[in-house]
Amino acid sequence: MAAETRTPPSAWIDAGLRALATGGPGAVRVEAIAKALGVTKGGFYGHFADRGALIEEMLVTWERMSTGELFESVERGGGDARAKIRRAGMLVSDRLLPIDLAIRDWSRRDPAVAERLRRVDNRRMDYLRSLMRQIFADEDEVEARCLLAFSLLIGKHFMAADHGGRSRDEVTELAGKLLLSDS
């Protein structure tokens, strides 16, 4: 007789993060996630006490992905500080941004989520400062450039403005060059 295959906790967490990214915290429902995974919800309770336990593990996973794992990936890629800043922005945009945006919205209504987001943002800003200090000596300039870079990464997704015949990606690329230029 073949051993029963169980859906690992990481699959539930990943599916929960996808549900969060597409529908907010209300979309993180055990039955809906089980359906998305093609399994019954009974296996869920072998890993998690309840929905709250799943949500906590989702937030722990997002925090780890958004800080330590992100920084390690950026550093593994090598290059100078400018290359690392660009890579960090691309990695956040590619895999973390939909989750980040959902968590930012959620944090407006949940103080515990807001505190976790603050912790993640502070760690990201500390890392960005460490890279910017390799390029710029003035602490005020470092802080201002970090704020602008972080704001560009998050804020551009909330803007609906046209860019005078340029694409959003073209303007973002130009803004990034300006942020990292010596002049």
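Reader: How do the residues of the lining of the largest pocket divide into nonpolar, polar and charged?

Author: This is a predicted model, in which local features need pLDDT of at least 70 and side-chain atom pairs count only at pLDDT 80 or more, while totals for chains, interfaces and linings use all residues. Residues are numbered from 1 along each chain as its sequence is written, and side-chain values use heavy atoms, with hydrogens and water left out. Ala, Val, Leu, Ile, Met, Phe, Trp, Tyr, Cys and Pro count as nonpolar, Asp, Glu, Lys and Arg as charged, and the others, including Gly, as polar. On that scheme the lining of the largest pocket holds 16 nonpolar, four polar and six charged residues.

Reader: What is the volume of the largest pocket?

Author: On a 1 Å grid over the protein atoms alone, a pocket is an open set of points where a 1.4 Å probe fits, with protein on both sides within 12 Å along at least five of seven lines, and its lining residues have an atom within 4 Å of a point. The volume is the space filled by probe spheres set on the points, which are joined across faces, edges and corners. For the largest pocket this comes to about 660 Å³.

Reader: Which residues that line the largest pocket are the closest to its centre?

Author: The lining of the largest pocket is made up of 26 residues. Those closest to the centre are Ile85, Arg86, Gly89, Met90 and Leu153.

Reader: Which elements give two or more residues to the lining of the largest pocket?

Author: Helices here are DSSP runs of H or I with at least four residues, and strands are runs of E with at least two, both numbered from the N terminus. The protein chain has eight helices and zero strands, so defined. The elements that give two or more residues to this lining are helix H4 (68-76), helix H5 (81-107), helix H6 (111-132), helix H7 (139-155) and helix H8 (168-180).

Reader: Is Asp100 buried or exposed?

Author: Asp100 lies in helix H5. A residue is buried under 20% relative accessible area, exposed over 50% and partly exposed in between, using a 1.4 Å probe and protein chains only. Because its relative accessible area is 0%, Asp100 counts as buried.

Reader: Which side chain does a polar contact of 2.7 Å join to that of Asp100?

Author: Leaving out residues up to four places away in sequence, Asp100 touches Trp62, Ser66, Val92 and Arg124, where contact means heavy atoms within 4.5 Å. A polar contact is a pair of N or O atoms within 3.5 Å, and within protein one must be able to donate a hydrogen and the other to accept it, while residues adjacent in sequence count only if both atoms are side-chain atoms. The side chain joined to Asp100 at 2.7 Å is that of Arg124.

Reader: Which residues is Ile154 in contact with, leaving aside its neighbours within four places in sequence?

Author: Ile154 is found in helix H7, and it is buried because its relative accessible area is 11%. Beyond its sequence neighbours, Ile154 is in contact with Leu97, Leu101 and Arg104.
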